[in-house]
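Here's a quick tour to read with the structure open beside you.

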Amino acid sequence: MKNLISKYNFWFFSSFTIALIVALPIITVFLSFFSETSNYFTILKNTFLLDYINNSLLILISVLFITFILGVSSAYFISFYEFPLSNFFSWALILAFAIPGYIFAFSIIAFFENYGTAYSILTNVFGEYNYNPHIPKLDGVLGSIIAISFSLFPYVYVLTRSSFFFQSNNYIEVGQNLGLSEKETFLKIILPSARPAIIAGLALVAMECLSDFGTVSIFSVSTLTTGIYNSWISFDDLNSANQISFILLLFILLLLSVEIYSRKEAKYHQPGRGFKPINKIKLNGKKSLLAFSFCLSVFLISFVFPVSQMIYWTIKFPKYIQDINILRINLNTLYLVSLASLVLVFISLFINYGSRISKSKILNYLTNFSISGYAIPGVILAVAFITLFSNLSDLINENTNIGSTKKIFIGSIFGLILAYFVRFFSLSFNGIKSSYEKINNSIDESAYLLGYSKIRTFSKIHIPYLKNNIILIIVLISLEIIKELPITMILRPFNFETFATQAYVYASQDLIEAAALPSLFLISWATILILFSSKYILSQKN
Amino acid sequence: MSKQFFEIKNGNFVASEKNKVNNINLKIENQGEIVSLLGPSGVGKTTILRTIAGLQKLSSGEIFLKNKLISSNMTHIEPEKRNIALSFQDNSLFPNYKVIDNINFGKKRANGSGSIIDVNEIIKLLHIEPILDKFPHQISAGEAQRVSLARSLMSKPDLLLLDEPFSNIDQSLKDEIQVSVKKLLKRINLTTIIVTHDSYEAFSMADKCGIILNQELKQYDVPYNVHHEPNSIEIANFLNKGVFIDVKIIDSECAVHKLKHKELGEIRGKLSNKFPSGSNVKLLLQPEDLIHDDQSKLKLEVVDRKFRGTNFIYTLKTKNGEHLPVFVHSHHIHQHEKSENFGIKSPIYIDHLVCF
């Protein structure tokens with residue numbers, strides 16, 4: 001009995017509650033699969049559902065191929081060779097993280113549309129002529145593939161680069177000593193040992209790609225995510241939305257397991273004590289030009305192109321500067337970011353500390369389950385939230401006199417923070433955990449033996465040690481929230497705009513030029529945050 | 001109520017199913033005594049220390065410190081309230097504080113009631129001066145161990161627990177530090193329990209030594225007796241100081257007891273255990289028991305020779321196939337090669353006749 005009480009203590013119930021909060025949207029989606037299907041879903045099943053799946057898979061496969069080429073090639077050039085600006089490219093390529101797919105989509109549309117930027121450039125350079133028929137139209141599926149690929153390739157780049165970077169020169173030297181050529185060393189030693197990291201990067205790309213809502217929506221491509229959104233917003237059919245979510249979740253969970261497995265494998269390839277950094281080879285002539293041109297092109301297309309396009313539009317259409325209440329949006333963003341970071345960091349610290357001192361296996365399983373939230377696409381999460389809290393409100397309404405409780409969770413800051421919590425808890429929890437695990441248990445025990453209580457050990461030893469990490473986690477959460485679109489779009493209070501929602505709302509009203517200013521602000525904020533955390537992002541071993 | 005400074009009564013210590021030590025009874029009568037617990041790795045020595053420190057609960061039994069019950073299956077005083085310091089084997093320094101700050105953490109203990117020690121003296125004694133401004137990740141494992149020891153000493157504990165305290169320290173510095181630490185502990189009268197798997201360390205540091213084997217405390221005695229009069233074959237085997245040979249007790253009644261070996265002949269000395277005359281027993285023969293004598297008629301064949309710095313260890317073979325170790329000072333006038341005959345002083349006299 002005493003053991004039972006000590007096992008199911010305060011920490012257990014806290015972790016259980018958090019795991020339950022994260023699990024509820026998943027459970028809602030899974031339960032909806034078994035509920036009655038509406039006419040709309042039957043029609044959908046017989047008509048467009050296959051298209052949704054086909055488009056999603058076509059985009060997914062193409063994006064995986066392009067991100068693999070972009071990410072692995074740039075990581076290879078930067079890790080093993082010295083060429084002009086190679087050090088600059090090593091961090092500049094991650095700036096593409098600041099450009100969400102939907103902003104890249106605005107830029108593509110703006111550049112290639114009739115009488116768009118490409119047309120203006122050609123007119124200015126070569127004079128008046130009807131260039132429109134000669135300018136390629138990158139829209140629909142092709143546009144989505146390009147936009148998503150250039151916004152997601154940094155995942156593959158960062159993980160592959162660090163895997164290359166942390167390969168000990170000893171292996172390369174041993175390979176050469178055994179008679180392998182440079183090419184054979186790369187193909188037989190370097191690439192196989194980077195494989196888990198590359199797969200982990202591609203799995204992340206795949207999950208983000210399947211979750212993408214903004215880009216495909218801007219290009220009017222019907223995929224599973226837009227299907228979910230349309231079922232809810234156009235046909236007011238939450239059940240159908242959840243049933244499509246179920247199909248999407250199956251894909252995502254499969255990818256999640258691939259990603260987790262690959263990360264575990266990647267750990268075996270991390271350097272030990274005898275680690276010797278790689279000696280970079282200095283490139284000359286054509287080879288140097290090739291590496292430089294490749295990295296420069298990737299940098300220009302992924303970052304400079306969308307940024308210039310947004311700056312160009314903002315200058316070209318100055319009237320929107322007055323129309324948009326940019327101060328209000330800045331304050332809204334700051335408000336959301338501060339509140340969400342505070343809640344996430346506080347609870348992550350709390351649960352990490354609880355797991356640490358209680359050393360319960362059940363607690364570990366629960367927290368591991370809680371971090372699965374990051375795999376749930378924002379749009380599924382938002383629709384599942386609405387389903388859950390609508391049902392809950394109806395249930396309360398039927399049985400009590402309290403009235404509707406929907407407003408507490410849907411269209412409120414509280415609901416929004418709750419959804420962000422589910423989505424980003426893993427980022428925050430794992431970020432703190434990875435740093436916490438570096439504090440050996442005997443350090444806590446030493447503190448106790450020196451007369452320090454658990455609370456004093458936490459405040460005097462843990463917090464000072466975790467301080468930098470906490471700041472970094474806040475930066476990363478902020479970056480994610482600033483870019484986040486579907487959750488904010490669906491669950492925000494009426495008239496509450498962030499840069500992402502403001503840009504999307506204008507774009508969906510065919511006022512893409514008006515989306516430039518909020519997009520530019522979003523990119524600026526994100527760039528600052530990325531530069532602040534670039535050292536950490538690039539030093540990630542796994 | 002116990003009247004010892006420290007006492008474990010019927011203590012059962014459990015860390016896991018495999019890692020447990022049963023029915024330990026151990027007393028430290030006077031403050032300032034140093035006790036070592038010796039045993040192979042993984043036998044549960046650290047579990048005992050962690051339980052005494054309060055980091056693990058005592059499965060059953062009782063632990064008293066200064067006549068106060070600190071652990072039993074009903075009582076568990078939290079580690080921060082015990083005033084017991086434990087210096088861990090691995091690096092347990094606070095990673096975000098410099099070495100000097102880590103040491104000063106010890107000083108901040110609120111309820112320390114042990115002897116006051118000068119921080120500068122400890123720093124000097126443990127050779128920590130050059131690394132005071134470094135962070136733990138910038139120092140070696142041996143240095144970290146010394147800092148950890150300094151921090152524990154500074155906390156003015158009633159009882160100091162040291163878990164393999166010198167295992168990472170360079171051999172050249174180890175002997176000097178062992179001597180200095182022992183002197184200091186004696187001077188400040190700090191009761192200490194040292195856990196180690198190194199018998200030289202256990203014997204040289206401690207007033208009393210406990211041997212833990214097969215989940216039990218097998219012997220608890222002064223180091224001299226543990227070495228010369230191990231109370232079981234398994235302890236003798238663990239200390240690995242000799243071999244067992246078959247002998248017959250000729251006379252166990254006189255002041256000098258007599259045994260007989262088929263080839264070595266008569267062996268004289270004092271039996272540590274009582275056996276009736278005529279018994280066939282196994283005698284522990286340690287390398288220092290046989291004395292080399294070129295003039296002796298008792299000769300055995302050399303089958304191996306190892307150079308150990310101060311000594312050579314010769315392995316001699318009897319006709320029966322027994323292999324006997326013998327120390328010979330390395331400055332001895334000549335050396336014997338393999339297959340040569342090697343003379344042994346006869347009759348053989350051994351102070352402690354350890355038989356089973």
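Domain bounds here come from an automatic or database domain assignment. For chain B, that assignment gives domain 1 (6–236) and domain 2 (242–353). Keep in mind that this is a predicted model.

**Chain B overall**

- Chain B has eight helices and 19 strands.
- Along its principal axes, the C-alpha trace of chain B spans about 70 × 45 × 35 Å.
- Out of 356 residues in chain B, 38% count as buried.
- If you take the contacts in chain B with a separation of 6 or more, 68% of them come from residues 24 or more positions apart.

**The two domains of chain B**

- The C-alpha centres of domain 1 and domain 2 of chain B are 38 Å apart.
- Where the domains of chain B meet, four residues of domain 1 are in contact with five residues of domain 2.
- On the domain 1 side of that meeting point in chain B, you'll find two nonpolar residues, one polar and one charged.

**Where chain A touches chain B**

- Chain A puts 15 residues into the contact, and chain B puts in 19 residues.
- On the chain A side, α21 (441–449) and α22 each supply at least two residues.
- The most comes from α21(A), which gives six residues to the side of chain A that touches chain B.
- Sorted by class, that side of chain A has nine nonpolar residues, five polar and one charged.

**Helix pairs in chain A**

- Helix α16 (residues 326–358) and helix α22 (residues 454–483) of chain A have axes that come within 9 Å and cross at roughly 140 degrees.
- An angle over 145 degrees would count as roughly antiparallel, and 65 to 115 as roughly perpendicular, so α16(A) and α22(A) are oblique to each other.
- The crossing of α16(A) and α22(A) is right-handed.
- From α16(A), the residues making the contact include Leu336(A), Val337(A), Ala340(A), Leu344(A) and Tyr353(A). From α22(A), they include Phe458(A), Ile470(A), Ile473(A), Ile474(A) and Ile477(A).
- By class, the α16(A)–α22(A) contact has 14 nonpolar residues, three polar and one charged.
- Another pair to look at is helix α18 (residues 378–399) and helix α20 (residues 413–436) of chain A, whose axes come within 11 Å and cross at roughly 135 degrees.
- That makes α18(A) and α20(A) oblique to each other as well, and α18(A) passes α20(A) in a right-handed crossing.
- The contact here is made by Gly378(A), Leu381(A), Ala382(A) and Phe385(A) of α18(A), with Gly415(A), Ala419(A), Val422(A) and Arg423(A) on α20(A).
- By class, the α18(A)–α20(A) contact has five nonpolar residues, two polar and one charged.

- Helix α12 (residues 224–233) of chain A is mostly covered, with eight of its ten residues buried.
- Among the buried residues of α12(A) are Leu224(A), Ile228(A), Tyr229(A), Ser231(A) and Trp232(A).
- Tyr40(A) sits in helix α3 (residues 39–46) of chain A. With 16 C-beta neighbours inside 10 Å, Tyr40(A) counts as partly exposed.
- In sequence, Tyr40(A) and Ser231(A) are 191 residues apart, but in space they are 8.3 Å apart, C-alpha to C-alpha.
- Leaving aside neighbours within four places in sequence, Tyr40(A) is in contact with Ser231(A), Phe235(A), Asp237(A) and Ser240(A).

**Backbone spots to check**

- Most residues other than glycine have a negative phi, and most peptide bonds are trans.
- Ser220(A) isn't a glycine, yet has a positive phi of about 55 degrees. You'll find Ser220(A) in the loop between α11 (214–218) and α12 of chain A, and with 12 other C-beta atoms within 10 Å, Ser220(A) is exposed.
- Asn214(B) isn't a glycine either, and has a positive phi of about 45 degrees. Asn214(B) lies in the loop between β9 (208–213) and β10 (216–221) of chain B, and counts as exposed with 12 C-beta neighbours inside 10 Å.
- The peptide bond from Ser346(B) to Pro347(B) is cis, with omega near 0 degrees. Pro347(B) lies in the loop between β18 (341–343) and β19 (348–353) of chain B.

**An exposed strand residue in chain B**

- His329(B) is in strand β17 (residues 323–329) of chain B, and is exposed, with 10 other C-beta atoms within 10 Å.
- His329(B) and Phe307(B) are 22 residues apart in sequence and 9.9 Å apart in space, C-alpha to C-alpha.

Technical notes. Residues are numbered from 1 along each chain as its sequence is written. Chains are lettered from A and ligands numbered from 1 in the order in which they are written. This is a predicted model: local features need pLDDT of at least 70, side-chain atom pairs count only at pLDDT 80 or more; totals for chains, interfaces and linings use all residues. Helices (H or I, at least four residues) and strands (E, at least two) are DSSP runs, numbered from the N terminus. A residue is buried if 20 or more other C-beta atoms lie within 10 Å of its own, exposed if 12 or fewer, and partly exposed in between; C-beta atoms are placed from the backbone. Two residues are in contact if their C-beta atoms, placed from the backbone, lie within 7 Å. Axes are lines fitted to C-alpha atoms, for helices over the stretch in contact, and angles run from 0 to 180 degrees between N-to-C directions. Angles under 35 degrees count as roughly parallel, over 145 as roughly antiparallel, 65 to 115 as roughly perpendicular and the rest as oblique. A crossing is left-handed if the near helix is turned anticlockwise from the far one by less than a right angle, and right-handed if clockwise. Ala, Val, Leu, Ile, Met, Phe, Trp, Tyr, Cys and Pro count as nonpolar, Asp, Glu, Lys and Arg as charged, and the others, Gly among them, as polar.
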